[in-house]
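Here is a short note on the model under review. The points are numbered so that each can be checked on its own.

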Amino acid sequence: FVNLSGDPAQEYFSDAMTDEIITALASLAPEQLAVIARTTAMHYKGSHKDVARIGRELGVDYLVEGGVNWAGDQIVVNVQLIRSNDQAHMWAHRYVAELTDIFKVYDLAAHSIASHVGVAPVPAKDRGAEPPRRKPTEDLAAYNEYIQGRYHFANLSPQALARAVQHFEEAIRRDPNFALAHDSLAEMYWHMAFYGFMPPQEAFSSGVRHALRALEIDNAVAETHSLLALYHKLDYNWAEVEREMALARALDPTSVIIRTRYAINALVPLGRLEEAAAELEAALELDPLSTYARTLYALVFAFWRRYERAIEEARRLLEIDPDAYWGYLAIGSANRELRRFDEAIAAYRKAVELSAGSAAMLGWLGMTLGLSGNKAEARSLLKRLHEMAKQGYVPPTSFAWIHLGLGEIDATFEWLDRAVDARDQLAAAIKTYPFLDPIRCDPRFRELLRRMNLPE
C-alpha cells in the first residue's frame with residue numbers, strides 16, 4: 001500500500017495498512033492460503049517491476065496493492081487484487097470510512113480478497129486457535145503511536161530503536177491494556193541486547209515484564225509466547241523455552257517470526273541443526289527476501305559444518321542486501337573453519353566496516369586474525385574492545401573469541417564464564433560452535449554446559 005496523502009510523515013500509516021492486511025489474510029485460512037510475509041513484500045515498495053515479474057519472482061498467484069489517504073478523521077483506502085500470470089484485475093474496492101472503523105476496513109478487505117481467490121475463511125474454533133484480536137485497542141491515539149513505533153522499529157539503528165521505544169511507551173501510557181504495545185516493547189529490549197545496545201540482564205528485567213504483561217492481557221498472542229521463550233533462554237530454562245514455543249506454534253503454525261525464533265533460540269543451542277534448517281527453510285518459503293531468516297539459514301549451515309552451503313546461502317543474502325554484514329559474518333565463519341584465512345579475514349573486515357565497528361564483529365575478526373598468525377593485530381583489537389567497554393556494553397564473548405584465537409585458553413574460559421553470567425546471547429550456542437572443538441574436552445567447558453543446563 002502506498003501513501004496517497006502527499007505527506008511523507010504519513011508513510012508509517014500506509015506501511016501499517018500493508019502489515020495489517022497481511023496479518024488478516026494469513027489468519028483467515030492458513031491451510032489454504034499462503035501469504036508472503038511483510039519483509040519480502042516491502043522489498044517491492046516503490047518498485048517499477050510489473051505484476052507478472054513479481055509473481056514469477058515470488059511464485060505467487062495473486063498480488064494485492066492499493067493506496068491509503070488519511071485526512072482528519074476520515075480514511076480512504078483503495079484496494080485491488082491482480083492475478084499475476086496475466087495481470088487481470090480480479091477485484092477492486094474503495095473504502096471510505098471514519099478512522100474509528102479502521103479495524104473493520106482491515107477485516108472487510110481481507111475477507112473480500114480471500115473470497116475472490118476462492119478461499120473460504122476457516123473459523124478459529126475449527127483450526128484450534130483463539131480468534132484473532134482484530135481490534136487491539138479502543139484508543140486510536142494509542143494505536144497511532146503503536147504503528148509509528150513499528151515503523152521506526154523496522155530500521156533497527158540505535159536512533160530508530162530509541163524513537164520506537166518512545167512511541168510504544170506513549171501507546172501504553174494512553175492504553176495500559178494494549179497487549180501488542182507491551183509485546184513490541186518486550187521485543188525492542190530483546191533486540192537492544194542482541195545488538196549490544198544494552199546489557200542483556202538489564203534488557204531481561206525490562207523486556208520480560210512487558211512480555212508477561214502482554215500475555216496477562218491477551219494470552220492468545222502467539223508471537224508473545226515465542227518472545228517469552230527467548231527470555232527463558234536467557235535463564236537457560238530450556239524446558240520453558242520449548243513449552244512457550246510449542247504454545248506459539250500451536251496458536252500460529254505459519255508465523256515466519258515464530259519459526260525463526262524457534263530455530264535459532266530453541267533448536268540451535270541444543271545442537272538440533274537439521275531441524276533448525278528445516279524451520280528456516282519453511283520460513284523462507286513465506287518470506288524469501290527476509291535478510292534475517294536468510295542470515296540464520298546461512299549460519300546454521302556453518303554450525304552444521306556444511307561450509308560451502310553456508311557460503312552459498314550467505315551470497316544469496318548479499319544479493320538481496322549487499323550491506324547485510326551478517327552475510328559477511330557467515331562467509332567469514334565458513335572460510336575460517338576451512339582454514340581459508342585470507343578469505344575469512346576479508347569477509348570479517350567487511351562485516352566490521354558495514355556494522356560501524358560492532359564489538360561482536362571485532363571479536364570474530366580478532367579470533368580469525370589470531371588463528372591465522374596475525375597476533376599483533378588481534379591484540380590491538382583486544383585493546384580496542386577494552387576501550388569500548390569503558391563507554392558501554394561489550395559482549396564478553398568478543399573478548400573470549402580473541403583470546404581463543406591467540407591460544408590463551410585460561411583467558412578464554414575466564415571470559416566465557418563472564419559471558420554465561422552476563423547472559424551474553426552469543427554464548428547460548430557454545431554447544432554448537434565448531435571453532436570451540438579444541439576446548440570441548442576441557443573440564444571447564446563441561447562445567448559451562450552444566451551451568452547453562454545444556455547436555456554434553
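1. A pocket, as the word is used below, is an open set of grid points with protein on both sides within 12 Å along at least five of seven lines. Its volume is the space filled by probe spheres set on the points. Please keep in mind that the model is predicted.

2. The second largest pocket holds about 1000 Å³ of space. Its lining comprises 34 residues, and Ala-41, Tyr-62, Leu-63, Val-64 and Glu-65 are the closest to the centre. Five elements supply at least two lining residues each: H1, helix H2 (38-42), helix H3 (51-58), S2 and helix H12 (273-286). Which of them gives the most to the lining? Strand S2 does, with five residues. By class, the lining of this pocket splits into 24 nonpolar, five polar and five charged residues.

3. Strand S2 also belongs to an open sheet of four strands, in the order S1-S2-S3-S4 and with mixed pairing. Strand S1 (2-3) and S4 are the edge strands, each pairing on one side only. In a regular strand, side chains alternate between the two faces of the sheet.

4. How many bridges join S2 to S3? There are ten, between strand S2 (residues 62-71) and S3, and the two strands run antiparallel. Within this pairing, Gly-67 has Asn-78 in S3 as its bridge partner.

5. Gln-74 is found opposite Glu-98 of S4. The hairpin of S3 and S4 has five residues between the strands, and Gln-87 in this hairpin adopts a positive phi near 60°.

6. Leu-140 is part of helix H5 (residues 140-153). Leaving aside residues up to four places away in sequence, Leu-140 touches Leu-99, Thr-100, Ile-102 and Phe-103. From Leu-140 to Arg-174 the C-alpha to C-alpha distance is 9.5 Å, at a separation of 34 residues in sequence.

7. Helix H17 (residues 359-372) packs with helix H19 (residues 396-405) at an angle of about 5°, the axes being 7 Å apart. Angles under 35 degrees count as roughly parallel, so H17 is roughly parallel to H19. From H17 the contact takes in Ala-359, Ala-360, Leu-362, Gly-363, Trp-364, Gly-366, Met-367, Gly-370 and Leu-371; these meet Ser-398, Trp-401, Ile-402, Leu-404 and Gly-405 in H19. The residues of the H17 and H19 contact are nine nonpolar, five polar and no charged.

8. How many cavities of 30 Å³ or more does a search of the whole structure find? The search finds one. The largest cavity has a volume of about 30 Å³. Lys-233, Leu-234, Tyr-236, Arg-423, Asp-424, Gln-425 and Ala-428 line this cavity. The classes in the cavity lining are three nonpolar, one polar and three charged residues.

Notes
Residues numbered from 1 in each chain as written. Predicted model: local features only at pLDDT ≥ 70, side-chain atom pairs only at ≥ 80, totals over all residues. Heavy atoms only, no water. Pairing = 2+ DSSP bridges. Contact = heavy atoms within 4.5 Å. Axes fitted to C-alpha atoms, helices over the stretch in contact; angles between N-to-C directions. Parallel < 35°, antiparallel > 145°, perpendicular 65-115°, else oblique. Nonpolar A, V, L, I, M, F, W, Y, C, P; charged D, E, K, R; others polar. 1 Å grid on protein atoms, 1.4 Å probe; cavity = no way out; pocket = protein on both sides within 12 Å on 5 of 7 lines; lining within 4 Å.
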